[in-house]
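Subject: Structure handover

Hello,

Here is the structure for you to look over. My notes come after it.

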Amino acid sequence: MGVFDLKAVPGNTQTQINARGTPAGIKWAATRFPWIKVTSRSKDCKFLELDSKGGDETYFGIGRKDLRPKPIVTGVDVKKQGELGTTRRATIKIIAFHDDDIEPLQKCYFIPGMSVMVEWGWSVTVDGGVVKELSPGVDTDIEVSKKIRAHSEGHPCYDGLQGIVTTFSFNLTEQNVWECSIEITAAAENILEVSAENMECSKDCARKSKEDEKKPAKAHSGLWTFLYDLFDDFEKASGRYTSYGTFSLYKIMAAGRDADGNEKTSLLEDMNVNDKDTEEPFITWATFEYLINKNILGKGIGGDPKQNPVGRLDTNNGGMKLKSTPFTESSDPRVCIIGGSPNASKIYKQSKGKFPAVSAWGADKIDLSKIMVNCMFLLGEVRAMEQSSDKTLSTLLKNILSKINVVCGDLWSFGIVTHPGTDSKNPVVCIVDTNVIGNAPPAAYLFPSVPNNSAVRSFSLNLKLAEGMKTQALYASKAASSGTTCTGYGVAAFGNGSGTLSDINGAIKPIPKKKECDCEGANEKAASLSLEEAFDILDDKGDGEVTDESCDTVRVLIKEAIDKAQADNAAETPEKCKGSPLPFELAVSLDGVGGFGFGQVVSALRVPLAIRTNFIHQVTAVEHSVTAQDWVTTVNTVARLNK
């Protein structure tokens with residue numbers, strides 16, 4: 001199952017919400033109250049468990065001159081964190097009534113990296129059942145998270161979160177009590193904030209002699225040094241790194257480059273006597289991830305990155321491929337090569353016949369983990385990271401992926417997310433294409449929304465336009481004979497107007513204006529070539545050569561072919577307008593409930609029929625606010641076209 005596969009809301013959660021609109025549910029709402037429990041995973045801890053009950057009689061006055069109670073938990077706020085809401089963070093509020101409690105609390109909870117579990121729930125279910133807590137035992141964080149999720153789906157009057165402490169604070173109030181706050185977040189989220197400079201290369205990298213130490217790699221990070229070794233002596237380095245994955249050396253028709261990205265050519269090449277060609281090293285994306293896991297995030301138990309308790313970057317484990325078309329190719333081998341694509345063999349030649357290209361291409365899906373990435377390109381990106389003030393791993397990955405996307409036709413929308421359903425024993429972060437859903441959507445759960453007859457407190461449907469989309473809406477193309485190009489997705493769909501669609505409704509799915517390419521020369525050259533012919537200008541046939549202009553020409557044709565294919569596909573469904581759907585975001589607040597999670601499909605009975613029919617709402621973030629008096633759950637979604 002892929003990260004972005006659409007899922008159904010668990011049956012127990014649906015049943016629980018629906019029951020709250022019955023007479024039994026109304027009675028339940030008048031008698032239930034919430035509870036909170038916090039558990040430290042410390043081995044030796046005075047306050048191993050804290051809760052919201054207060055008044056622990058066994059604790060009053062022990063070794064004290066006064067009679068102050070044990071620290072109590074007063075609230076929990078759970079918010080989304082990270083891209084697309086796949087990770088959550090919790091802020092836990094605790095009150096300590098005595099100075100002597102601060103140090104024991106610190107040893108239990110106020111330590112960065114300390115593992116903490118927080119649980120909450122209602123006192124009883126609608127049918128009078130008891131809501132039970134979990135015992136974390138000796139399980140890993142990811143195993144505890146799975147147990148919490150399973151328990152919540154089976155018992156929706158319960159929910160919880162397992163994470164590690166990232167920040168905390170103490171505040172002495174006028175009432176002479178300590179208000180304490182700790183923030184916990186899933187371990188995987190912290191992977192992306194690691195500095196990409198952290199890699200040490202003294203053990204794994206090839207340079208060991210005094211002569212090697214004089215080379216420019218000495219002044220760079222271990223990640224740069226690893227890639228430099230492949231450029232400097234591919235045979236030696238690739239032989240040394242065989243356990244890391246796939247390494248290839250390809251000949252491409254381009255000027256050679258040094259480690260700083262500057263072109264270096266021979267005299268005969270400069271005199272146009274010989275063709276410009278060079279051999280450059282490539283690694284698969286999976287190999288790049290393994291390099292990061294083993295040397296930046298940590299080798300893990302027994303030297304195996306998969307056993308790293310902190311987690312790992314593993315796109316292949318995400319079980320999801322990138323969107324593709326029959327025309328998806330790489331236009332620039334100086335960045336990457338999509339092995340197996342129809343024209344890939346035209347832009348590279350195997351060097352010495354030992355390193356065949358890995359096949360990553362498919363007409364519908366492309367395997368990112370098998371795309372061959374040019375090490376000279378990676379060297380440049382790592383060098384830019386070293387010179388930047390932002391050295392986080394997430395920024396480095398986003399910059400690299402953005403440029404891969406551009407040269408391959410700008411087809412993908414990359415996201416870096418925590419895998420919510422991994423089978424691994426440690427957290428997994430993976431790269432996803434947010435354009436890919438992965439399977440047919442299940443039936444949406446419709447929140448009941450009749451006044452005085454359900455536990456749903458409120459719901460909202462918000463249309464949020466970015467500035468560029470607002471401009472696009474103003475100038476959207478309209479048919480000459482009508483005031484709109486789309487059928488009622490907007491105001492008139494609510495049925496409270498005169499029935500005439502306004503011009504504003506024409507902007508609900510506007511036809512985007514065609515963007516002009518910045519490269520006029522590339523556009524002019526592309527106009528005279530077919531896509532297949534264009535790849536010849538990157539090969540050694542005739543005057544073929546890999547340059548900025550020739551790569552831009554190929555990129556223009558790839559983009560045009562992809563856009564045409566998508567337009568032709570849209571033309572087959574005339575009931576929908578061309579262009580991208582605008583982001584209707586459905587948000588529902590209700591009496592606290594567990595079981596909701598990333599990827600589930602929901603809607604509400606009061607959402608206009610046209611919107612319910614043409615869009616699906618995918619859950620991206622579930623937030624909770626819990627106090628001693630109340631528990632409120634808010635389910636947030638994004639809209640996707642219901643294809």
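Below is what turned up, grouped by topic.

The model is predicted, so please read the values as computed from it.

**Cavity**

The count comes to one cavity of 30 Å³ or more. The lining falls in two stretches of numbering. Thr315, Asn316, Gly319, Met320, Lys321 and Leu322 are among the lining residues. Ile366, Asp367, Leu368 and Ser369 line the cavity too. By class, the lining has four nonpolar, four polar and two charged residues.

**Helix H10**

H10 covers residues 285–297 and is mostly covered, with eleven of its 13 residues buried. Its buried residues include Trp285, Phe288, Leu291, Ile292, Ile296 and Leu297. Charged side chains are on that list as well: Glu289 and Lys294 are both buried.

**Aromatic rings**

There are 20 aromatic pairs. One of them is Trp122 with Trp631: the ring centres are 5.5 Å apart and the planes stand at 35°, so the pair is tilted. This pair links distant parts of the chain, 509 residues apart. Trp122 belongs to strand E5 (residues 115–122), and Trp631 to strand E25 (residues 631–641). Both Trp122 and Trp631 are buried.

Arg32 lies over its face, 4.0 Å from the ring centre. Arg32 also lies over the face of Trp28, there at 5.2 Å from the ring centre.

Elsewhere, Phe226, Tyr241, Tyr244, Phe247 and Tyr290 form one aromatic cluster.

Leu401 is in helix H12 (residues 393–407). Is Leu401 buried or exposed? Its relative accessibility is 2%, under the 20% cut-off, so Leu401 counts as buried. Leaving out residues up to four places away in sequence, Leu401 touches Trp285, Leu368, Phe414 and Ile431. Two of these names have come up already: Trp285 is a buried residue of H10, and Leu368 lines the cavity. Leu401 and Trp412 are eleven residues apart along the chain, and their C-alpha atoms are separated by 9.5 Å.

Asp410 is in the loop between H12 and strand E18 (414–418). Its phi is positive, near 55°, and Asp410 is not a glycine. The relative accessible area of Asp410 is 45%, so this residue is partly exposed.

Which residues does Lys559 touch, not counting those up to four places away in sequence? Lys559 touches Gly409 and Asp410. Lys559 itself lies in helix H16 (residues 548–571). With a relative accessible area of 26%, between the 20% and 50% cut-offs, Lys559 is partly exposed. Lys559 and Glu329 are 230 residues apart in sequence, yet 9.7 Å apart in space, C-alpha to C-alpha.

**Another positive phi**

Asn176 is not a glycine either, and its phi is positive at about 65°. Asn176 sits in the loop between strand E6 (158–172) and strand E7 (178–185). At 43% relative accessibility, Asn176 counts as partly exposed.

Best wishes

How values were computed:
Residues numbered from 1 in each chain as written. Predicted model: local features only at pLDDT ≥ 70, side-chain atom pairs only at ≥ 80, totals over all residues. Heavy atoms only, no water. 1 Å grid on protein atoms, 1.4 Å probe; cavity = no way out; pocket = protein on both sides within 12 Å on 5 of 7 lines; lining within 4 Å. Points joined across faces, edges and corners; volume = space filled by probe spheres on them. Buried < 20%, exposed > 50% of the residue type's maximum accessible area, 1.4 Å probe, protein only. Helix = DSSP H or I, 4+ residues; strand = E, 2+ residues; numbered from the N terminus. Phe/Tyr/Trp six-rings, centres within 6.5 Å; stacked < 30°, edge-to-face > 60°. Lys NZ or Arg CZ within 6 Å of the ring centre and 35° of its normal. Contact = heavy atoms within 4.5 Å.
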